[in-house]
Amino acid sequence: MEEQTDLNEALNNTISQRRAHIDKNQMAKLKDKFRNFHTSFQSIYKVFLKKGIIPEDPYKDDFKLSEVTTPDKDPFMESERIEKMSIRLSQYDTILEFLTHYYQFSTDFLNLKRLKKIGELLIYFQWTKMTPNSTNPHTRTMADFIQSIKGGGDSLSNSILTDGCNQLSKLTTEIVGLLKEITTFSKQLYKQDIRERILFKIHVDGPNSQEKMGKAFVQIKRTFPQEMPDTPFFPELVHELTAEEFSPQSSQLKQALIESLQVKETKAKTREDVSYKSLLLETVRIFSGASIHLEKAITKLNENQTFLDQRRQTFGDRFRRWLMNMVKKQGEKHIYMVEFFDEKTSTTRTVRIDYDSFAANAVKRARNLGVLSSKASSTYMRLEGSSEEKVYEFVTTVVEDLQKMITTLPALDTYFKSEVPREMRGRIHGIKLEVSAIKNVLIRANQKRHEYVAKKEEITQLKKLGVDTSVT
């Protein structure tokens, strides 16, 4: 009897410690994962709306929630799929917003019933198997939508969709792992509730045995509706409970349960230097603002270059190009001798520019910067997981690239305008606005970078003075 009392006390203490651990660590992780999950879903949803794949749901504001649920799962006819998916995607977005902003992420609130609903919401779309051949009609339709956009040649939208799907697949796997751990513990809380609210009210005589377990099960089931009226009755968990309390192996089962619930100790955190990586990540996000302007500037210059080519071609040029196409040889590269004005020295210098290579690199840089607008993109998350030094190297590289581009772009702009007759210059597209916008992005990014450098230098000086700048 004394042994059982000690085991019961040990179990209570272990469950209490485990509860604190789950609430502090796993619940915080779960909420953060769902926030990222919602962000990734929204990136795909917004592309669908922008591309006109689905219309806005006119009844979105009428959809009210008091609990997490799932959108309608009923099948739909092919003729209805746009309308149905518009409504269900809108509801899915609203439910995720409700979950991340208004739900309590704690062991007290997330009981087995709510955890099941969250799990069902998570797999409403099969993000880990997003294919047009999916047996899930919603997943199949979603995959069709994605494929239709990817076939359109919009590289930025394609990148957003690819990153979004990859992140949702990864996050689904991570969330499933967290839900499994939390659900396992929630089952123990369910059994502990029965111990505290029902078990002391039942009376089963005799030594521990299978027969005693059976009698206890019947009495618990009979008492359950009165003592726990708002809680579902789970027979398999009650059978586990009766085995732990009334079977011949009761002590061994309870001891094993205590060991399985114990929180493994982790090494105390060492003191670490203050990190200002968040400043660098803010700079990274600022860079994304240059993407659209850089790509637009190159589009205009490409049109100018094409116009210039057409103006210069003689009959012999056209014949030579036709002949090269016939023998499948690559055409001549566009090499221009462009004048640059150095403001520091007030001198002009002429530079040989391979325009094709410059334009291709600029477009590539623009698209790489574009995906940084989403914290859920694989590029941003990779930087977020990198060391402070690596992020600083990335920021410095981008700053240097953009500085070269805002020097080269105006020089090319001037070159194209000067190479056509004055009366034809109205047909050349100017890029003054785009260059100005890129400069503004670069100024803001450099301000953040200088702020980072200043703070790091301040820390260095304090260390020299013997001041402890580390944090625990």
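This is a predicted model: local features need pLDDT of at least 70, side-chain atom pairs count only at pLDDT 80 or more; totals for chains, interfaces and linings use all residues.
In which hand does α6 pass α7, right-handed or left-handed? Residues are numbered from 1 along each chain as its sequence is written, and side-chain values use heavy atoms, with hydrogens and water left out.

The crossing of α6 and α7 is right-handed, a term for the near helix being turned clockwise from the far one by less than a right angle, with anticlockwise giving left-handed. Helices here are DSSP runs (H or I, at least four residues), numbered from the N terminus. Two packed helices are described by the angle between their axes and the distance between the axes. For α6 (residues 210–227) and α7, the angle is about 130° and the axes lie 9 Å apart. Axes are lines fitted to C-alpha atoms over the stretch in contact, and angles run from 0 to 180 degrees between N-to-C directions. The pair is therefore oblique; angles under 35 degrees count as roughly parallel, over 145 as roughly antiparallel, 65 to 115 as roughly perpendicular, and the rest as oblique. On the α6 side, the contact is made by K212, M213, A216, F217 and I220, and on the α7 side by P235, V238, H239, L241, T242, A243 and F246. Contact means heavy atoms within 4.5 Å. These residues divide into nine nonpolar, two polar and one charged. In this grouping, Ala, Val, Leu, Ile, Met, Phe, Trp, Tyr, Cys and Pro are nonpolar, Asp, Glu, Lys and Arg are charged, and the others, Gly among them, are polar.

Helix α7 itself covers residues 235–246, and its 12 residues reach 16 Å from first C-alpha to last, close to the 16 Å expected at 1.5 Å a residue. The expected span is 1.5 Å times one less than the number of residues. Buried residues of α7 include V238, L241, T242, A243 and F246, where buried means under 20% relative accessible area, exposed over 50%, and partly exposed in between (1.4 Å probe, protein chains only).

A second pair to look at is α4 (residues 137–150) with α5 (residues 155–197), whose axes come within 9 Å and cross at roughly 150°. These two helices are therefore roughly antiparallel, and their crossing is left-handed. I146, I149 and K150 of α4 meet S157, N158, L161, T162 and C165 of α5. This contact has four nonpolar, three polar and one charged residue. I146 also touches M130, a residue of the loop between α3 (112–122) and α4. With 18% relative accessibility, M130 counts as buried.

One of its buried residues is Y452, with a relative accessible area of 6%. Beyond four places in sequence, Y452 is in contact with Y276, L279, L280, E388 and Y392. Y452 and T283 are 169 residues apart in sequence, yet their C-alpha atoms are 9.7 Å apart.

The last stop is R365 in helix α12 (residues 355–370), which is buried at 15% relative accessibility. Residues up to four places away aside, R365 touches L294, F394, T397, V398, D401 and M405.
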